Amino acid sequence: MKYQATPYFTFNGDAREALEYYKDVFGGEITGVQTFGEADFETPPEMDDRIMHAQFKKEELFIMVSDSFLDQTVQQGSNISLALELENTEEIQTYYDRLKKDGTVLMELQDTFWGATFAKVKDNFGVIWDLNYTKEQ
């Protein structure tokens, strides 16, 4: 693994407001904001202004956020996953296989348009893991 697990918050369309709130509370900087409309990913037009991915950083505090898809609702308090940036394809495959054995696959392991291999799995304790391996350019 490249880093410590990163908290990833998912919101019901109010990720932008949440980011501004965290900025007001902690100071820091909002970076990497990409909306669904800006992404090379087909989504309904009503999702264009929703945040697909953004980051917030204040010294050692680092979180990532996104909005849910229109047909998905997240419940406050259970809208957090842990993101792992992995070293290589073997490592991501290993963790994916181990987590899905007794867990639930939320997004199959696959190559993505953002240049990574990615999967989302809920383990048998209800913890959601975002597994990401960014491929070398």
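Lysine 120 forms a salt bridge with aspartate 130, the closest N and O atoms being 2.6 Å apart, where a salt bridge is a side-chain nitrogen of Lys or Arg within 4 Å of a carboxyl oxygen of Asp or Glu. This pair links distant parts of the chain, with lysine 120 in strand E7 (residues 116-122) and aspartate 130 in strand E8, 10 residues apart; helices (H or I, at least four residues) and strands (E, at least two) are DSSP runs, numbered from the N terminus. The model is predicted, so local features need pLDDT of at least 70 and side-chain atom pairs count only at pLDDT 80 or more, while totals for chains, interfaces and linings use all residues. Residues are numbered from 1 along each chain as its sequence is written, and side-chain values use heavy atoms, with hydrogens and water left out.

**Salt bridges**

- The structure holds 3 salt bridges, one of which is the pair of lysine 120 and aspartate 130.
- Lysine 120 counts as partly exposed at 22% relative accessibility, whereas aspartate 130 is buried, with a relative accessible area of 4%; buried means under 20% relative accessible area, exposed over 50%, and partly exposed in between (1.4 Å probe, protein chains only).
- Lysine 135 forms a salt bridge with aspartate 111, and the closest N and O atoms of this pair are 2.6 Å apart.
- Because lysine 135 lies in the segment after strand E8 (128-134) and aspartate 111 in strand E6 (residues 104-111), this pair ties together parts that are 24 residues apart in sequence.
- Lysine 135 is partly exposed, with a relative accessible area of 29%, while aspartate 111 counts as exposed at 53%.
- Lysine 58 forms a salt bridge with glutamate 59, the closest N and O atoms being 3.8 Å apart; lysine 58 is partly exposed at 31% relative accessibility, and glutamate 59 is exposed at 61%.

**Helix H1**

- The 12 residues of helix H1 (residues 15-26) should span 16 Å at 1.5 Å a residue, and the end C-alpha atoms are 16 Å apart, which agrees; the expected span is 1.5 Å times one less than the number of residues.
- Within H1, Ala15, Ala18, Leu19 and Tyr22 are buried.
- The buried residues of H1 pack against strand E1 (6-11), strand E2 (29-35), strand E3 (51-58) and strand E4 (61-67), with contact meaning heavy atoms within 4.5 Å.
- Glycine 27 follows H1 and has a positive phi, near 75°.

**Nonpolar surface patch**

- Tyr21, Val25, Phe26 and Leu61 make a nonpolar surface patch of about 380 Å²; patches are made of residues with over 30% relative accessible area and no salt bridge, like charges being joined within 9 Å and nonpolar side chains (Val, Leu, Ile, Met, Phe, Trp, Tyr) within 5 Å.
- H1 gives the largest share of the nonpolar patch, 3 residues.
- Tyrosine 21 is found in helix H1 and counts as exposed at 52% relative accessibility.

**Threonine 73**

- Threonine 73 lies in the loop between E4 and strand E5 (80-85) and is exposed, with a relative accessible area of 69%.
- Threonine 73 and valine 33 are 40 residues apart in sequence and 21 Å apart in space, C-alpha to C-alpha.

Key: Accessible areas come from the Shrake-Rupley method with a 1.4 Å probe; for residues, only the protein chains shown count as cover.
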